[in-house]
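Dear colleague,

I am handing over the structure below, and would ask you to keep it open while you read the notes that follow it.

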Amino acid sequence: MGRITPEDIERVREASDFVAIASENLMLQRAGRKYKACCPFHEEKTPSFQIDPDLKLWHCFGCGEGGDIFDYVGRIHNLDFPDSVRFLADKAHIELVEVEGTRTQPRGHKERLKAACAAAEEFYHHELMRSSGQGAAAARSYLAGRGFGSEVCKRWKLGYAPGHGALRAHLAQEGFTLSEMVEANLVLQRDGATVRDRFFNRVMFPIHDRLGKSIAFGGRIIGQGEPKYLNSSETPVFHKSSNLFAIDRARNHITTEACAIVVEGYTDVIALHEAGIANVVATLGTALTQQHVRMLRNMRPKRIVYLFDGDSAGQRAADRATEFIDVGMTPEAGSDYVEFQVAVLPDDLDPADFVAERGADALREVIDGAVPLIRFAIDRRLEAWDLSNPGQRAKALEEAVALLAPIKQSLIAADYANYIADALHADVQVCLRALAQANPRRRPRADEDVPQRRPAQPQAHVETADERTQRELLTLLVTRPGLLDACEGMDLTKVEWSLPVARQVADVLVQDGASQDKGVLQRVMQLEGTAAFLAAGTLDSLSDAEALDVAWVLYRQARERQLEKDIRSATIALKNLNPDDVDEYKKYFELISALQQDLKKLRMMQTGR
């Protein structure tokens, strides 16, 4: 989505009645010109939460939390800042203007696409519930066989897509243009002429955003055919890598229960919600991404449980989840710590079948018995080798400690080194030395099993996320003369470059300053190693406007990761200080505060605040 203009943010702030908004969740008591209540963010019996309706601010004198009306809405409804603004704008009936690159675009365009999806959702649902056709009857029969009767279908607005242009005709009657239907991926147009409905003879599962707005669909074929499941393609309002099925229904339950459960299918989500397990979401035809994990982390769960089918595909999916082993899974992450766990269902059952056969309580036991992702991944690696064979035992050690490479500076990594040593009947010092030298393995492809044997060869350098972000940023700045000048406020000297070649390239860009031209590329190419470094760039096809936006995103990501690392390091140092060393304590406390302020300013820039 685009950046909301500062003018619109202020319009929404002024139009929002903080007392009315807060009264939806709190029992407010007037205290002079202010209002008090028991804090919704911590348990208390005496009201210490206070709202100033004129300034649109709140503060809790019990837990110390506070902020403006956008912060309050974000905390209550698990929304980031832009979505908090959109949430309040909808309540105040304000049409936002969002900036897309260098273009200013009324938000109404995206709202039209969402309205088209909502109209399609109603049409599909009516077809399922009311149509007497054979296709709709078959769809009802399929859903009934999954245990989804008419009441479930109504609650989830499930539908049936008849195809044959029926949806297009309906949307045209509702006033939507062909271009809007095509852009929302509800209708396909080929060669500028042939037009047909996107979905044909499928059970339809509507997909909503975090605010409950219809944005896309998943369709399951009735009878035989491929693909079995068909999802909407990417649109201006729908991105598979950053949306989760049922996130609008599950987000409050995730926060309340401090646990998010991730499954792989629409029917799994519905079956679990209907069984009373409502903190469940599913990915949308793609593996779990960092964007998904970031979204879930924003809801402040203490743990995220990957619940996989017991078949081989589910096991492989669990293996791929090891991509998310990072510092956020360690105690050093502080308030950002989330425990990632894995639960694999027995007897090759999927979650929907399991809960139907054995009940919700049995499934809760499986979820409660989930094991840490790190331990699960280590066990999977060790199981792939014959540990009675000394040579294979060495390979098993190498595979296992590689999983710990992203967190090898954490104390928890040393604990798992002990775990590996016990499993291999090896000296723990051998495991610790292997851990110190370990590099992360590349993520397996979706169609790969865990390798049983790998040829002995030198370990190639595995590019980290920080290195990739910095390389893409520098490649954009070097290959597009004038881009750095256009990025007003971007300071490359504040980035801690991960690789020497990146630092050298950045130095050239800084030295050239405003005199950027095509000669910059020539000067950079004279540096050793830059040809291979820049050749790996993947953003060549961006327009100038897109390049400007992407360059800012990459710069902010690089700075944000660096600031987060600095805050963690300073926090660890502060905890290890002698309590009597007042001067050192004050120095680190002030450093952490300054870094946190820098991080807050950076994140405000990201959201257009």
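Tyrosine 306 and phenylalanine 308 are both buried, a word used here for residues under 20% relative accessible area, with exposed meaning over 50% and partly exposed anything in between (1.4 Å probe, protein chains only). Please bear in mind that this is a predicted model, in which local features need pLDDT of at least 70 and side-chain atom pairs count only at pLDDT 80 or more, whereas totals for chains, interfaces and linings use all residues. Residues are numbered from 1 along each chain as its sequence is written, and side-chain values use heavy atoms, with hydrogens and water left out.

A search of the whole structure gives 18 aromatic pairs, counted when the ring centres of Phe, Tyr or Trp (its six-membered ring) lie within 6.5 Å, with planes under 30 degrees apart called stacked, over 60 edge-to-face and the rest tilted. In one of them, phenylalanine 245 and tyrosine 266 have ring centres 4.8 Å apart and planes at 85°, so the pair is edge-to-face. This pair links distant parts of the chain, since phenylalanine 245 is in the loop between strand E14 (229-231) and helix H10 (247-257) while tyrosine 266 is in helix H11 (residues 266-274), 21 residues apart; helices (H or I, at least four residues) and strands (E, at least two) are DSSP runs numbered from the N terminus. Phenylalanine 245 and tyrosine 266 are buried. The rings of tyrosine 306 and phenylalanine 308, by contrast, have centres 6.0 Å apart and planes at 5°, so that pair is stacked.

Ring pairs also join Phe18, Phe41, Phe49, Trp58 and Tyr72 into a cluster. Arginine 75 lies over the face of phenylalanine 41, at 4.1 Å from the ring centre, and arginine 249 lies over the face of tryptophan 156, at 3.9 Å from the ring centre; the criterion is NZ of Lys or CZ of Arg within 6 Å of the ring centre and within 35 degrees of the ring normal.

Setting aside residues up to four places away in sequence, leucine 363 touches Leu272, Ile277, Leu307, Leu345, Phe354 and Val355, where contact means heavy atoms within 4.5 Å.

Methionine 490 is found in the loop between helix H21 (483-486) and helix H22 (500-512), and is buried, with a relative accessible area of 10%. Methionine 490 and tryptophan 552 are 62 residues apart in sequence and 7.8 Å apart in space, C-alpha to C-alpha.

For the chain as a whole, 48% of the 609 residues count as buried, and there are 26 helices and 19 strands. The mean pLDDT, the predictor's confidence in each residue from 0 to 100, is 81, and 84% of the residues reach 70 or more. Over residues 443-462, however, the pLDDT is below 50, although this stretch has 31 contacts in the model beyond near neighbours in sequence. Where pLDDT is low, the predicted coordinates should not be read in detail.
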